[in-house]
Amino acid sequence: MADRKVAVVTGGARGIGRGCAHALAERGFDLVLVDLLAPEMARTKAELEAMGRACLTFEADVADHARAKEIAAAVEAEWGHCDVLVNNAGKSNPRTIMECPEEEFDRTIAINLKSCFNYIQAFVPLMRKVGGGRIVSMSSLNAHTGGVTSAVSKFAYASAKAGILGMTRALAKELGPDIAVNAVCPGVIETEIGNTLTRSRGAELAKKIALGRVGKPQDVARVVAFLAAEQPSFITGQHIVIDGFQWEI
Ligand SMILES: NC(=O)c1ccc[n+]([C@@H]2O[C@H](COP(=O)([O-])OP(=O)(O)OC[C@H]3O[C@@H](n4cnc5c(N)ncnc54)[C@H](O)[C@@H]3O)[C@@H](O)[C@H]2O)c1
């Protein structure tokens, strides 16, 4: 067992990823953040360091397969291994199928789904160096519902997020028993992605959520930390919906 507990969070600069980084830092993990946004990532790094944790940051596009391998090599050189990978980076892309150019579809799949392939393939060898680890990937309620009926379709995003659920089940079998692979499916969460919806329709949405409010990044981070850090000993290949039970939208 290595002394240092290492967690990688993609898209860790802000929003849900930042929340996950904080929750894992509270549980004694040192963090590796991967994001496109250097200034936001520097802010989050400073917050984690103020909590007494170490943090490595990498400015990168998660869709870039070769870059994921480079980052894994750098983490291995610095800290030797990895215990937890949170595939959080993602971007929603409202666009109807008839208006969606091929490259936009490819890019949405690359950011939201291929990124999971990139980082799992790069970091599993570092998990195996310490006998195994935990992977949690960020799917979405959209994978189940297809999205909000009254908003512009996010069919490409929903496709990618549903793909994560299939990948999670398949890899739970392939990578077990030493690596547990799970996913979470947030509903409406107040972040940059969620904000257009929460700002314009927050009060209206809250009425349609059983728990009477939209979610916060910490609501998702707590569940990710449970799956990643509390080491539930018999849960893999599953997803947990975190939506306050959102039945009408
Ligand atoms: N907020 C919601 O309502 C909601 C609901 C369901 C699922 N999600 C998912 O949760 C995850 C986090 O979203 P959020 O709401 O915190 O959004 P956010 O935009 O606040 O944060 C996303 C982070 O990912 C980073 N990122 C985006 N594309 C990237 C790329 N190509 N390479 C590297 N980094 C990249 C962004 O820079 C940002 O820091 C996403 O996968 C999103 O799809 C969010």
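Me: How many residues does the largest nonpolar core have, and which of them have the most contacts inside it?

Reply: The general idea is that in soluble globular proteins nonpolar side chains tend to be buried together. In this predicted model, the largest nonpolar core has 38 residues, and Tyr-119, Phe-123 and Ile-135 are those with the most contacts inside it.

Me: Which elements give two or more residues to this core?

Reply: On the strand side they are S1 (5–10), S2 (29–35), S3 (55–59) and S6 (179–186), and on the helix side H3 (65–79), H4 (102–128) and H6 (155–175). The largest share comes from H4, which supplies 11 residues of this core.

Me: With which residues is Phe-123 in contact, leaving aside its neighbours within four places in sequence?

Reply: Contact here asks for heavy atoms within 4.5 Å. By that reading, and with those sequence neighbours left aside, Phe-123 is in contact with Val-8, Ala-68, Ile-71, Ala-72, Val-75 and Cys-82. Apart from the core that holds Phe-123 lies another core, of 30 residues, and among its members are Ala-21, Leu-48, Val-136 and Ala-229.

Me: Is Ser-115 buried or exposed, and where is it found?

Reply: A residue counts as buried when its relative accessible area is under 20%; Ser-115, at 5% relative accessibility, is therefore buried. Ser-115 is found in helix H4, and, leaving aside its neighbours within four places in sequence, it is in contact with Val-62, Asn-87, Ala-89 and Ala-110. Between Ser-115 and Ala-66 there are 11 Å in space, C-alpha to C-alpha, although the two are 49 residues apart in sequence.

Me: What is the phi of Phe-245, and is this residue buried or exposed?

Reply: Phe-245 is not a glycine, yet it has a positive phi of about 60°. Its place is in the segment after strand S7 (239–242), and with a relative accessible area of 53% Phe-245 is exposed.

Me: Which peptide bond is cis, and where is its proline found?

Reply: The peptide bond to look at runs from Gly-176 to Pro-177, and it is cis, with omega near 5°. Pro-177 is found in the loop between H6 and S6.

Me: How many helices and strands does the chain have, and why is it as compact as a globular protein of that length?

Reply: The secondary structure comes to eight helices and seven strands. The radius of gyration of the chain is 17 Å, close to the 18 Å that the globule rule gives for 249 residues, so the chain is as compact as a globular protein of that length. Along its principal axes the C-alpha trace spans about 50 × 40 × 35 Å, and buried residues make up 51% of the 249 residues. Among contacts between residues at least 6 apart in sequence, 75% join residues at least 24 apart.

Me: How many positive and negative side chains does the chain have?

Reply: There are 28 positive and 28 negative side chains, and the centres of the two sets lie 4 Å apart. The chain exposes about 11,400 Å², of which carbon and sulfur atoms supply 53%.

Methods: Residues numbered from 1 in each chain as written. Predicted model: local features only at pLDDT ≥ 70, side-chain atom pairs only at ≥ 80, totals over all residues. Heavy atoms only, no water. Helix = DSSP H or I, 4+ residues; strand = E, 2+ residues; numbered from the N terminus. Rg over C-alpha atoms; globule rule 2.2 N^0.38 Å. Buried < 20%, exposed > 50% of the residue type's maximum accessible area, 1.4 Å probe, protein only. Areas by Shrake-Rupley, 256 points an atom, 1.4 Å probe, with all protein chains shown as cover. Lys, Arg positive; Asp, Glu negative; His and termini not counted. Charge placed at Lys NZ, Arg CZ, Asp CG, Glu CD. Core = buried A, V, L, I, M, F, W, Y, C linked by side-chain atoms within 4.5 Å.
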